[in-house]
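Subject: Structure handover

Hello,

Here is the structure for you to take over. My notes on it follow below.

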Amino acid sequence: MKPIDPPWTTLVDVASLAAALGEDVRVVDARATASTAVRVVDARSSLADPQAGSGQYLAGHVPGAVYADLNRDLSDLTRSGHGRHPLPDSDAFAAKLGQWGIGPDTQVVVYDGSDGSDGSMAASRLWWLLRLIGHRKVAVLDGGITAWQAAGHPLATGQDEVTALPAYPGRFDTTQIANADEISARLKHAPGWLVDARAGERFRGEVEPLDPVAGHVPGAVNRPFALNVLDGRLRDAQELRAELQGVIGNRDPQQVVLMCGSGVTACHLLLAMETAGLSGARIYADSWSGWVSDSSRPVATGA
């Protein structure tokens with residue numbers, strides 16, 4: 001199989017992925033035939049049931065896909081004070097990429113359940129982590145596995161085996177990550193530099209089902225990530241650009257920081273901005289759950 005040219009770096013549609021995988025997608029048991037030119041990763045996750053994603057993968061996944069667990073592979077839950085989904089160790093993540101058969105030349109395609117009904121959106125989290133470590137050949141499957149099945153493509157069951165590679169030769173670029181000190185230092189800046197991707201009722205502090213304190217960082221503005229999606233797919237890029245530009249104003253996107261509840265759905269907002277041509281925003285990885293881990297930090301409620 002020839003490498004994808006140009007590489008997919010934000011979104012890829014089902015038809016393009018199926019064409020790239022070729023004959024493999026017509027083999028329900030793809031263990032012996034899955035191509036290494038494109039590595040597909042299943043990142044389905046449920047905040048309500050951490051075991052649900054792996055069970056869904058085993059029951060049926062895109063042929064040749066490996067499974068990424070949000071808590072074990074895309075987070076390091078042993079780190080305290082950094083929210084509900086602390087970033088994984090860079091070296092551990094590099095080793096995991098090697099185990100998945102991902103090297104510098106691999107085109108990676110990540111998918112999840114597409115609807116984000118439980119707020120996980122872990123595919124965009126893995127997309128961002130790969131970018132952090134320096135890998136640009138990574139895209140999210142638009143519509144997720146729902147769109148794959150709707151197009152009539154088969155699923156494989158069980159655990160697919162891949163040929164492991166050495167640890168990925170890279171480390172996280174920490175300049176793309178905002179921390180609590182930076183957020184604190186910019187609290188008095190005019191609104192628009194900090195965008196919170198949570199649902200409006202959580203942002204306003206009316207409900208808080210996951211974290212011990214309700215509300216938002218003072219000065220943040222709200223752009224629920226769900227507004228970027230229509231029928232399980234990312235909305236038109238030009239429409240997104242107009243709406244997101246209205247949120248951040250005239251700021252250079254590189255001056256913008258994105259956050260959410262635990263640093264996961266903020267990555268989906270980043271994907272929307274990148275798709276819309278508003279490139280360079282950064283993620284406050286600890287997000288709201290990390291912010292409220294220190295009771296001395298200020299909290300705002302309301303709109």
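A residue is called buried when its relative accessible area is under 20%. Please keep in mind that this is a predicted model.

By that cut-off C260 is buried, as its relative accessible area is 1%. C267 is buried too, with a value of 0%.

How many disulfides does the structure hold? The count is zero. A disulfide needs two cysteine sulfur atoms within 2.5 Å. For C260 the closest cysteine sulfur is that of C267, and because the two are 6.9 Å apart, they are too far from each other for a bond. C267 likewise takes part in no disulfide, its nearest cysteine sulfur being that of C260.

The other part of my notes concerns helix α4, which covers residues 122-132. Of its 11 residues, 11 are buried, so the rest of the structure largely encloses this helix. Among them are R125, W127, W128 and R131. After α4 comes G134, which has a positive phi near 105°.

How does α4 lie against helix α9 (residues 265-275), and at what angle? The two helices pack at about 70°, and their axes are 8 Å apart. Angles of 65 to 115 degrees count as roughly perpendicular, so that is the description for α4 and α9.

On the α4 side, S124, R125, W127, W128 and R131 make the contact; on the α9 side, C267, H268, L270, L271 and E274 do. Sorted by class, this contact has five nonpolar, two polar and three charged residues. C267, from the cysteine pair above, is thus one of the α9 residues that meet α4.

Regards

Technical notes
Residues numbered from 1 in each chain as written. Predicted model: local features only at pLDDT ≥ 70, side-chain atom pairs only at ≥ 80, totals over all residues. Heavy atoms only, no water. Buried < 20%, exposed > 50% of the residue type's maximum accessible area, 1.4 Å probe, protein only. Helix = DSSP H or I, 4+ residues; strand = E, 2+ residues; numbered from the N terminus. Axes fitted to C-alpha atoms, helices over the stretch in contact; angles between N-to-C directions. Parallel < 35°, antiparallel > 145°, perpendicular 65-115°, else oblique. Contact = heavy atoms within 4.5 Å. Nonpolar A, V, L, I, M, F, W, Y, C, P; charged D, E, K, R; others polar.
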